[in-house]
Amino acid sequence: TIIITMASSTAIAPPPPSNANGTNQTSLGRSLLDLLRSRDKLVRASSDHQIVDNNDNNKSANDEIETTETELLQRLQSLDISIRRRGLFNNDSERAQLFYKCASERSSSSTGSNDDTVVEDSAKGSVKSSSSNNKRKRKGGGGGGNSNNSNNGSNSGTGSAGGLSATSYGIFLDSHSSTPFSAVSTGGGDKTNLDEGLIVTVVCRILGVTVGRRKKHDAQSQNDDMEDETTQSLKHSDSLIQVALSIIASICDHAKDGMVPSLSIDSQCAFIEGDMIGSIGSSLLDALRDNILSLYYQGNEEKIAVMMESFRAAASVITLLEMRLSRADKILNGLKDATWLVLNNLHSLTADTASIHAIQQSATSLLASLPLPGTSDGNPPSKVWTQCIRDGILLLRWALNGFFPMPTIDNTVAKDEATKHQTLWKEHERWLSIVTGFQVEGLDLGGDPTDVYRARALQIRIECLTSYVASLIKMDGYPLHQANTLSSSALILPFDSLLDVSELLLSFPLAAEGKHRSTKQRLRSTPVQGGLISPDSAMSISVELRLCGHTLFDVAMESCRGGSGALSRGRRIVGMAVANLQSSCSMALVSVVDGKRSGDIRGQRIGWLRGSIPLRIKSIQMFLNVAISLGSSTMSSAGTAKSMSKALVLLGGCLLEQTQREDDRFDEWGTLGERAKLVEISSTALASCVAAFGGLIPNNVRSTIDSILHSCLTTLYCSGSSSIFAYAETKRSILQLATNCVTVPWGDGGRSTINDIVRKVSLLLKNDTDVTVASMALSTLCIVDAFMTPRAPALLIASRNQDESKSNLTASVMMHSINEKEAEMKSLSRSKESKEKKSSKKDQKVSAKVSTKSKKSATNDSSAVKKKSKTAETTTKLQKVSELPRNAIENVAAVETDNKQIHSETTETGVTNNDVATDAMEVDENTEDRVEFEGKSQEGQKDDSEVGDDDDFSLDDFPEIVDEDPDEGDRM
């Protein structure tokens with residue numbers, strides 16, 4: 001835990017230069033692979049010696065294993081942080097191009113020279129190398145690149161749409177039919193250029209990604225295999241698996257972001273990363289499915305985080321590859337079944353609510369990504385997407401009707417739907433059999449499962465299906481280009497069905513309360529007629545089901561905002577929003593607005609959720625969503641204008657209740673912070689409605705809004721921090737409402753009369769301790785002064801003459817300068833790196849020269865010995881010929897002298913050949929450095945000559961900083 005916290009704390013900034021320069025990026029994959037091998041060897045040795053060794057040896061072996069795993073975990077966590085922000089190639093396009101070039105050469109060499117070589121394929125046993133790539137594309141769905149994406153052809157300069165195999169990229173996977181490999185053979189080419197492939201290899205080995213034929217497993221054999229000693233001996237820790245899953249998700253997310261060239265500068269790196277994941281896509285998804293099933297059958301709730309990360313990684317892979325998985329139906333269906341298996345049994349977990357919701361979100365995001373590949377039958381993703389939404393809505397209706405029949409649901413329609421969708425109905429019955437224990441009829445609540453168990457199962461089922469439908473509609477996790485394509489295409493959204501099921505969920509609390517009150521007390525714990533839960537259990541889960549209704553209604557309105565689908569159903573939508581808002585407000589406020597209801601508020605039978613402030617906030621958000629989606633047409637239509645006017649008065653009443661009453665009301669359920677949130681959302685909703693409806697708001701309603709706002713501003717000006725306006729969010733929202741009311745005229749064309757109090761409050765809040773409040777107050781003050789200050793027509797229109805000597809800094813000039821500076825910095829960094837390389841080479845040459853000189857000295861010593869011996873021989877010869885005539889003696893001496901000189905010159909020349917070559921190389925390098933330095937100096941002189949007398953050339957872009965007439969003392 002400490003390691004993870006330290007890694008996450010440094011994720012907001014790049015590593016320090018000392019750490020960044022100390023690691024060798026080109027050998028990271030090799031070092032990780034060596035660490036993983038060392039860990040596996042230690043685990044195998046520990047398992048072998050457990051039988052014969054004592055406890056001390058086992059303890060030391062375990063300590064060594066823990067140390068190795070800790071080092072491997074630290075490196076993987078640092079790598080995950082780097083990949084998440086800079087990608088697998090660190091946004092180095094040259095490195096990515098070199099990597100892809102090396103991979104292409106490996107692929108072409110293996111295909112051209114080994115046509116008869118037999119290799120293993122992930123889809124079919126063994127095929128020839130010449131057809132392995134084609135088989136991989138068709139069956140495995142891993143044919144690389146983004147060949148189906150139109151953006152790839154114009155932006156992938158490296159040809160990343162080639163679809164190379166995993167081995168070409170340096171990704172080596174284990175086979176099902178063989179033992180794990182002990183060595184990695186990178187074949188021909190430069191091995192250092194495939195380091196990124198080795199990184200993916202390490203991650204795949206941790207996750208258990210394999211290729212080749214595989215044996216089918218059922219539930220029983222899965223449990224037996226998990227008990228196998230061999231599997232247990234090489235089992236990795238949860239921390240390693242989790243960080244490996246995070247690395248896969250980070251690579252996929254970075255590649256998805258790089259598919260949009262307008263948002264990514266180095267898109268080539270992203271395309272190559274996507275092609276690498278595409279080469280192992282099918283095998284990777286298969287391994288993730290096995291991991292999910294293994295975690296489920298283990299039943300260990302401590303591994304919920306690993307399961308969530310598995311769902312997230314699988315969703316990232318699917319959203320990245322998309323149509324490249326169109327023929328991998330078998331693998332995708334297996335992943336879908338495993339995910340639904342976890343969701344169907346989620347109610348049996350005893351984990352906390354936050355963990356269950358986290359699993360729901362990750363699992364439903366994975367299910368929502370499955371329509372992207374389409375199907376092998378040719379169904380496009382849009383059609384599969386629509387069908388998935390319809391299936392989710394049907395499952396929601398069947399679950400509600402089966403457990404607690406609603407008065408608005410027709411049973412005959414439900415039976416017809418079950419007949420039309422038999423496969424989906426079987427899925428619903430499978431979940432129903434899990435919940436009821438295969439006892440659908442003639443239930444006895446005294447047995448097992450109990451009434452509370454069924455109610456919990458229904459609640460989690462509704463929440464899962466709601467999250468599933470919402471993720472589909474919001475396109476959760478979809479790539480930007482794919483989400484925009486689907487949104488702009490002709491998608492068929494079952495809008496009426498969404499409104500029906502959301503209305504059922506929103507009205508569930510009222511239906512449950514009505515059933516509870518109409519049932520005798522001794523029968524309230526028995527299941528309702530035709531259902532599976534009792535009225536008491538229905539009351540206990542009614543709030544959660546209503547929140548699900550809010551979620552579905554909000555995503556339905558957001559999906560059709562600006563379109564004609566919602567306008568044609570405007571009366572129904574407005575009626576649902578206003579009725580829900582009215583059922584959430586206090587009875588006193590509703591009676592005042594209606595003017596018809598009276599009597600004791602406590603005696604009201606319906607509306608036990610009226611005092612809930614969080615539900616009131618949800619209702620106001622729902623109305624705000626409707627007002628923004630439908631626009632001003634709701635106030636101009638005769639069928640909805642009255643309801644919208646009533647809702648605006650209710651919003652103002654909610655704001656007035658919280659700002660004017662200091663004592664806690666007896667029927668409210670909420671904290672002080674929730675009351676502040678209610679003030680914020682009420683003010684925001686009123687401000688948005690005033691801006692959207694404008695002069696269409698009736699004068700009596702606008703007068704009520706201005707009066708309520710004046711009262712709130714007076715309270716803020718007089719009480720200040722002693723009221724609900726002590727919260728910064730309440731001040732910001734009330735200032736926004738005041739700004740809109742000042743700027744938007746009434747229906748008769750007149751202005752608002754609250755400008756004085758607005759100006760006073762703005763002057764008061766411009767010195768607020770919260771910077772956002774002070775900024776908002778200054779903006780409001782400027783707007784009020786601009787609108788309320790009387791101004792005469794201009795007698796003279798002044799023209800602004802730009803001084804040519806001072807260039808204005810425009811956006812284009814600034815961006816151009818930034819680009820130039822970045823290019824200059826890159827060139828300087830590259831020249832610095834080249835100089836460092838040259839200096840390292842010179843150091844190596846100096847060491848080589850020293851060794852050469854030592855050899856030379858040894859050679860000179862031996863030559864000196866030889867010279868002495870030759871001199872002695874010459875002396876004896878001269879003594880022998882001393883008796884000869886003088887001329888003969890002189891001739892012999894001359895000959896000996898010449899021979900000695902020739903011998904010495906030959907020996908010296910042979911010894912210093914290496915020195916001559918070394919000196920020649922040094923001369924060439926010094927000449928190159930001198931030429932480069934002279935070229936740079938000439939360029940600098942040329943730039944200085946072009947600048948001329950303008951000494952402040954670098955500051956011309958910022959004329960306000962440069963002195964026009966600097967003093968002599970200021971000059972440098």
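The model is predicted, so local features need pLDDT of at least 70 and side-chain atom pairs count only at pLDDT 80 or more, while totals for chains, interfaces and linings use all residues. Residues are numbered from 1 along each chain as its sequence is written, and side-chain values use heavy atoms, with hydrogens and water left out.

Trainee: Let's start with helix α28; how many of its 18 residues are buried?

Mentor: Helices here are DSSP runs (H or I, at least four residues), numbered from the N terminus, and α28 covers residues 613–630. Buried means under 20% relative accessible area, exposed over 50%, and partly exposed in between (1.4 Å probe, protein chains only). α28 is mostly covered, and its buried residues number 14.

Trainee: Which backbone nitrogen does a side-chain oxygen of Ser612 reach at the start of α28?

Mentor: A polar contact is a pair of N or O atoms within 3.5 Å; within protein, one must be able to donate a hydrogen and the other to accept it, and residues adjacent in sequence count only if both atoms are side-chain atoms. Here the oxygen comes to within 3.4 Å of the backbone nitrogen of Leu615.

Trainee: Which residue follows α19, and what is its phi?

Mentor: α19 runs over residues 422–436 and reaches 20 Å from its first C-alpha to its last, close to the 21 Å expected at 1.5 Å a residue; the expected span is 1.5 Å times one less than the number of residues. The helix is followed by Gly437, with a positive phi near 65 degrees.

Trainee: Which helices do the buried residues of α19 pack against?

Mentor: Among those buried residues are Leu424, His428, Trp431 and Leu432. Contact means heavy atoms within 4.5 Å. The partners are α15, α17 (381–403) and α20 (451–474).

Trainee: Is Glu322 buried or exposed?

Mentor: Glu322 sits in the loop between α14 (304–321) and α15 (329–344). Its phi is near 55 degrees, a positive value in a residue other than glycine. Because its relative accessibility is 7%, Glu322 counts as buried.

Trainee: And what does Asn90 count as at 35% relative accessibility?

Mentor: Asn90 also belongs to a loop, the one between α4 (55–86) and α5 (93–113). Its phi is positive too, near 60 degrees. At 35% relative accessibility, Asn90 counts as partly exposed.

Terms used:
Helix = DSSP H or I, 4+ residues; strand = E, 2+ residues; numbered from the N terminus.
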